[in-house]
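Good morning, colleagues. Please take a moment with the sequence and the structure as they come up, and then I shall take you through a few points.

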Amino acid sequence: MTFKFLFTKKQDLPVKVAFLDRDGVINIDHGYVNNKQHFTFVEGALEGMKLLSEKGYSLVLITNQSGIGRGKYTIFDFAKLTFWLEGLLFKNGSPFSAVYFCPHHPQKAFAPFLQECDCRKPQPGMILSAIKDLNIDIENSLFIGDKESDMRAALGAGIPTRILVKSDGTAPFDAQISCTRTANTLLEAAKTI
Ligand SMILES: [Mg+2]
Ligand SMILES: [Zn+2]
């Protein structure tokens with residue numbers, strides 16, 4: 001089962017999508033960020049998302065949220081944060097078209113979230129669901145993430161451009177294998193595509 005918030009209808013014409021990871025790309029990854037008080041934007045992230053929108057990309061968030069399954073916060077907490085963020089992004093001219101999240105974990109979660117799902121990155125399930133839900137021009141779409149699991153999920157879903165953001169200043173070697181380029185930040189990535 002895929003968990004999602006769809007903020008748009010399926011378009012008649014294919015849209016190119018910038019799939020975005022959240023923690024470490026849009027906001028600083030403090031670990032299990034689950035309210036707006038702890039949500040700190042990475043410098044330039046809002047500008048970068050606006051630039052992606054101006055360049056014609058629909059923005060789709062693809063995020064692992066095992067904190068839900070682990071009982072650290074609830075789906076309602078995640079929804080509140082996501083809807084707050086969506087309002088802010090709307091004002092910024094760069095709303096998400098959809099948000100996909102995985103609440104599961106294969107070992108460290110409570111029922112019903114304790115499972116080997118097909119949505120938790122590095123599985124491509126969330127991206128594949130987006131491809132079913134939205135009319136996506138896959139060949140011109142891209143993924144921006146900061147972990148190997150992001151790059152592997154994007155590769156598995158057939159996303160041709162996979163940009164690894166060096167959220168802690170370095171690019172992990174394993175992730176470099178499955179990415180197609182690196183960037184220091186989301187903003188830098190947005191400027192170079
Ligand atoms: Mg991340
Ligand atoms: Zn899952």
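This is a predicted model: local features need pLDDT of at least 70, side-chain atom pairs count only at pLDDT 80 or more; totals for chains, interfaces and linings use all residues.

Strands β5 and β6, the latter spanning residues 161-165, run parallel and are joined by four bridges. Within this pairing, Ile144 has Ile163 of β6 as its bridge partner. From β5 the chain passes through helix α5, residues 148-156, to reach β6, and this β-α-β crossover is right-handed.

How do the side chains of β5 point? Leu142 and Ile144 face one way, Phe143 and Gly145 the other, and all are buried. In a regular strand, side chains alternate between the two faces of the sheet.

Let me stay with Ile144. Setting aside neighbours within four places in sequence, its contacts are Ala18, Leu20, Asp21, Val25, Ile163, Val165, Leu186 and Ala189. In the largest nonpolar core, which has 52 residues, Ile144 is listed with Phe19 and Leu186 as having the most contacts. The strand that gives the most to this core is β4, residues 96-102, with six residues.

Finally, Gly56, which sits in the loop between α1 (45-54) and β3 (58-64). Is Gly56 buried or exposed? Gly56 is exposed, because 11 other C-beta atoms lie within 10 Å, and the cut-off for exposure is 12 or fewer. Its C-alpha atom is separated by 7.2 Å from that of Lys16, 40 residues apart along the chain.

Thank you.

Terms used
Residues are numbered from 1 along each chain as its sequence is written. Chains are lettered from A and ligands numbered from 1 in the order in which they are written. A residue is buried if 20 or more other C-beta atoms lie within 10 Å of its own, exposed if 12 or fewer, and partly exposed in between; C-beta atoms are placed from the backbone. Helices (H or I, at least four residues) and strands (E, at least two) are DSSP runs, numbered from the N terminus. Two strands pair if DSSP finds at least two bridges between them. A crossover is right-handed if, with the strands pointing away from the viewer, the path from the first strand over the helix to the second runs clockwise. A nonpolar core is a set of buried Ala, Val, Leu, Ile, Met, Phe, Trp, Tyr and Cys residues joined through C-beta atoms within 7 Å. Two residues are in contact if their C-beta atoms, placed from the backbone, lie within 7 Å.
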